[in-house]
Amino acid sequence: MANATTPSAYDLPPLPSYTLKPLPPLVPGIPDQYFGMILLVIAYWGVSMIFHLIDAYDLFPQYRLHTPAEVLKRNHVSRWDVLRDVILQQAVQTAFGVVLAMVDEEPMYGREEYDVAVWARRIRMAQGAIPTMLGLVGIDAAAIAKNLASNHAVLAGAVSGGIYPDLTQTILLSGQPATTTAFASWELLAAKALYHLLIPALQFTVAILVVDTWQYFLHRAMHMNKYLYTTFHSRHHRLYVPYAYGALYNHPFEGFLLDTLGCGLAYLVTGMTVRQSMWFFTCSTIKTVDDHCGYAFPWDPLQRLTSNNAGYHDVHHQSWGIKTNFSQPFFTHWDSWLGTKWTGGDVSARYERARIAAQKKVNAEAVLTGSSAKESITANASPYSEEELPSSIARTAQSVTEPRIPAGKATQQALSSRQQILDDQQTGGIEVLAEESTEEVLAQQQKAKRRKRTTSSGLKGFADRVGESLQGRGTGVLGVESGRR
């Protein structure tokens, strides 16, 4: 008891006792685990319906990646089939959530002050290294602490290695009052910031990296393996023109493997609480819907905060980019590091060719992917150079639909993507490439006609102006009659 009543300045403050209690649910009568499952469904359909209303009333046509006519013309699945399969996947997600809730421990509370004190102790122990660190650069920590002691006692204690002789508290030990060392107010404040802010932020960051890594490699495998693609993943790519509530349109097995299992793994690895996981899963769901919304909104924070957005992912849904841009749903670092990012440059012209039959050019100047044609020439073509050689049909379609594609890696990306379209007959196969080839030929013919009319009218106008400058002489002096009467 002697040490308790006359504490040493080197003693660590004691940790408080605690009693665990069941955490009351956010919504009375609904356990947090089950409310989290409900929240996912509400978030998915709530955000999807917002985008659906924007579609239905054509509120922001200038930001559309595709026109309504393209949704009807280019997709190879009905909206009802998409709705049915999304509901099926959400049923699978809910069943998995129920199983996870059954094996997970009941959420408890009551040890928050204890955990904060643990971190405050770690901060106190870390201060012990300050004198040593200062000594390495020739600074006498003890002398500085002595000079600061009179006016800045707390700062002097930190510089001296976490020694605060004047900070004491009275607590009960075995029913008897005892004096012990206490934490400085700044130590408790820093500990609370670590416990309530920094650690949850770190857990969210790690969870994002886990989900991005899990989905990138499995998603890429689904495209690089012909069996996996045609058996499972090709269903999602029946949507050449994605829309919001089609984000979870997948084969049930693929949906469970990529989305449900990936997020569950992130939850377990990071040690999130149930309430933390509720917000993480909800944010992931909203991000996935936003990536398939079909709009490049300049004010959408989800499309600005991360490099993986609707424009980036939409390239992956096109016949010429289906084997690129595998990253989802947050960041694109794996595509950049492993050479699977689209390198064909600005895709505005490609999108214009696809929608020219339905509506006039919209926002053609917008750059959707942030890549340049130069990347195609300088980039390493792997993994596309290691794949099976594209068939003659894929090469023919490529030469017709992409006559001016940048040389190098972009050509191999587009050829590989079109070969995958050919391999998947259920999703359109050769019909998709035939439609694109027809559209490109028509577009080129119309462009040639416009060029011919522009050249002819320009020459005639030039002849008129020269004729007027010759003080009324006939325009025939240039060998061209303007046709004016």
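Guide: First a term: helices (H or I, at least four residues) are DSSP runs, numbered from the N terminus. This is a predicted model, where local features need pLDDT of at least 70 and side-chain atom pairs count only at pLDDT 80 or more, while totals for chains, interfaces and linings use all residues. Residues are numbered from 1 along each chain as its sequence is written, and side-chain values use heavy atoms, with hydrogens and water left out.

Visitor: OK, how many cavities of 30 Å³ or more are there?
Guide: The count is six, where a cavity is a set of points, on a 1 Å grid over the protein atoms alone, where a 1.4 Å probe fits but cannot get out; points are joined across faces, edges and corners, and a volume is the space filled by probe spheres set on them.

Visitor: What volume has the largest cavity, and which residues are closest to its centre?
Guide: The largest cavity has about 490 Å³, and of its 27 lining residues (those with an atom within 4 Å of a point), Leu 40, Gln 93, Thr 260, Cys 263 and Phe 281 are closest to the centre.

Visitor: Which helix gives the most to that lining?
Guide: That is α12, with seven residues; α2 (32-56), α4 (79-103), α9 (185-224), α11 (252-270) and α12 (274-291) each supply at least two.

Visitor: Now the second largest cavity: what is its volume, and which residues lie nearest its centre?
Guide: The second largest cavity has a volume of about 170 Å³, and its 18 lining residues include His 236, Ala 247, Asp 259, His 292 and Gln 328, which lie nearest the centre. Here α11 gives the most, with three residues.

Methods
On a 1 Å grid over the protein atoms alone, a cavity is a set of points where a 1.4 Å probe fits but cannot get out, and a pocket is an open set with protein on both sides within 12 Å along at least five of seven lines; lining residues have an atom within 4 Å of a point.
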